[in-house]
Amino acid sequence: MGKIVVLAEKPSVARDIARVIGCGGRGDGCLTGDRYIVTWAIGHLVSLQEPDEMDPGLKRWTFDTLPILPDEIPLKVLPKTRDQFETVKKLMNDPETDSLICATDAGREGELIFRYIYEKAGCKKPFQRLWISSMTDEAITEGFRNIQPGERYDGLYASARCRSRADWLVGMNASRAFTLKYDTLLSVGRVQTPTLAILVRRRKEIEQFRPEGYSTVTADFGDYRGIYFSEKLDPDTHLKSKDDAEQIATAVRGKTGRVTSAETTRKHELPPQLYDLTSLQRDANRMLGFTADKTLKTAQSLYETHKALTYPRTDSRYLPPDMIPRVGQTMKLL
């Protein structure tokens, strides 16, 4: 029986997986065992080529060459991590390797990392998918017990590839167009530029803000304080004119009020959902003053090193049903 090569996204994750499946031997860029060989990417080993790498004629930026809309965008090996790519490629295509396991992060980007390496390495061997959202030994063991066919995640890869190519098409074309238009180097991106626009617009709102005075009318009813409101006001308690407020106060001062209606409503409030990365970053900033980057790095460390969190780089606020028994154990410990 030949070997099975397991490709993880990071060396730290590879070490955890290797420990659980009994790969104690050390090789060049990998950890070895009787049945498995565990190796790793270092983030992205492969990316899409730049326009001038596809066609030297595109090295010079001109309007005549825009838009650049290739039918296919070839892949390239990133120079800084070429040695590790060559290691992974050699292991994938080794005659003793029967099959592969994709053990990159359980998400769209993780799927893209594996598939791009698989394609660039020219590998045709069958592969399976390890899909785990926790790095505890139990979760890894359970993941290998329930290993999934690789083709089950073809849709996820298609989504990731679409996002990757959309970034390329917008970034490469728009950056060149705006740079040529305004005669200064400008970087334009599918996500970064709309995000920057939101920040600029908010900054302008703050700079152009002019405070306006207003008045409110309150009344002391003994056990609580009431406040005058009207649906015609915006906000409904803010009176633009101090004279209007004084007129209302004069009209009701010393008078006896009458309750026209009283309503009691019983509400059932659901518990808050689990954190996704965005809501976690927002609360960490509000409560602890953390930057988004610090929160991400802390969460990633809690996931990889301390095994205290499930996979943090997600926009999901739910756990899968197969984690119900583990959640029960966690609640008992807490």
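Trainee: Which residue is the bridge partner of Val-6 in β4?

Mentor: Strands are DSSP runs of E with at least two residues, helices are runs of H or I with at least four, and both are numbered from the N terminus; two strands pair if DSSP finds at least two bridges between them. Here Val-6 has Val-38 as its bridge partner in β4, while the partner of Val-5 in β4 is Ile-37. β1 and β4 run parallel and are joined by five bridges.

Mentor: Before we go further, note that this is a predicted model, in which local features need pLDDT of at least 70 and side-chain atom pairs count only at pLDDT 80 or more, whereas totals for chains, interfaces and linings use all residues. Residues are numbered from 1 along each chain as its sequence is written, and side-chain values use heavy atoms, with hydrogens and water left out.

Trainee: In what sense do β1 and β7 pair, and over how many bridges?

Mentor: The β1 and β7 pairing is parallel and extends over six bridges, with Ile-4 standing opposite Ser-99 in β7. The open sheet has seven strands in the order β2-β3-β4-β1-β7-β8-β9, and its pairing is mixed. At the edges are β2 (25-27) and β9 (148-149), each of which pairs on one side only.

Trainee: How many residues does the hairpin between β3 and β4 pass through?

Mentor: The hairpin joins β3 to β4 through three residues. Strand β3 (residues 30-32) pairs with strand β4 (residues 36-40) in the antiparallel sense over three bridges, and Thr-32 has Ile-37 as its bridge partner in β4.

Trainee: Which residues of β4 lie on one side, and which on the other?

Mentor: In a regular strand the side chains alternate between the two faces of the sheet. Buried means under 20% relative accessible area, exposed means over 50%, and partly exposed lies in between, with a 1.4 Å probe and protein chains only. In β4, Tyr-36, Val-38 and Trp-40 are on one side and Ile-37 and Thr-39 on the other, and they are all buried, so that both faces are covered. β1 is mostly covered as well, with five of its six residues buried.

Trainee: Which strands does helix α1 lie across?

Mentor: Helix α1 (residues 11-21) lies across β1 (3-8), β3, β4 and β7 (97-103), and runs at about 170 degrees to β4. For such an angle, axes are lines fitted to C-alpha atoms, for helices over the stretch in contact, and angles run from 0 to 180 degrees between N-to-C directions; contact means heavy atoms within 4.5 Å.

Trainee: Why does Pro-312 count as buried?

Mentor: Pro-312 counts as buried because its relative accessibility is 8%. Pro-312 sits in the loop between α10 (292-304) and α11 (324-333), and, leaving out residues up to four places away in sequence, it touches Leu-277, Ala-299, Gln-300 and Tyr-303.

Trainee: Is Glu-304 buried or exposed?

Mentor: Glu-304, which is found in helix α10, is buried, with a relative accessible area of 10%. Not counting residues up to four places away in sequence, Glu-304 touches Lys-10, Ser-12, Val-13, Asp-16 and Met-135.

Trainee: How many cavities of 30 Å³ or more does a search of the whole structure find?

Mentor: Rolling a probe the size of a water molecule over the atoms shows where empty space is left. On a 1 Å grid over the protein atoms alone, a cavity is a set of points where a 1.4 Å probe fits but cannot get out, a pocket is an open set with protein on both sides within 12 Å along at least five of seven lines, and lining residues have an atom within 4 Å of a point. Grid points are joined across faces, edges and corners, and a volume is the space filled by probe spheres set on the points. The search finds one cavity of 30 Å³ or more, and the largest cavity holds about 50 Å³ of space. Its lining includes Val-13, Met-135 and Tyr-303.

Trainee: What is the volume of the second largest pocket?

Mentor: The second largest pocket has a volume of about 690 Å³, and of the 19 residues that line it, the closest to its centre are Ala-219, Phe-221, Tyr-224, Gly-257 and Arg-258. The largest share of that lining, three residues, comes from α8.
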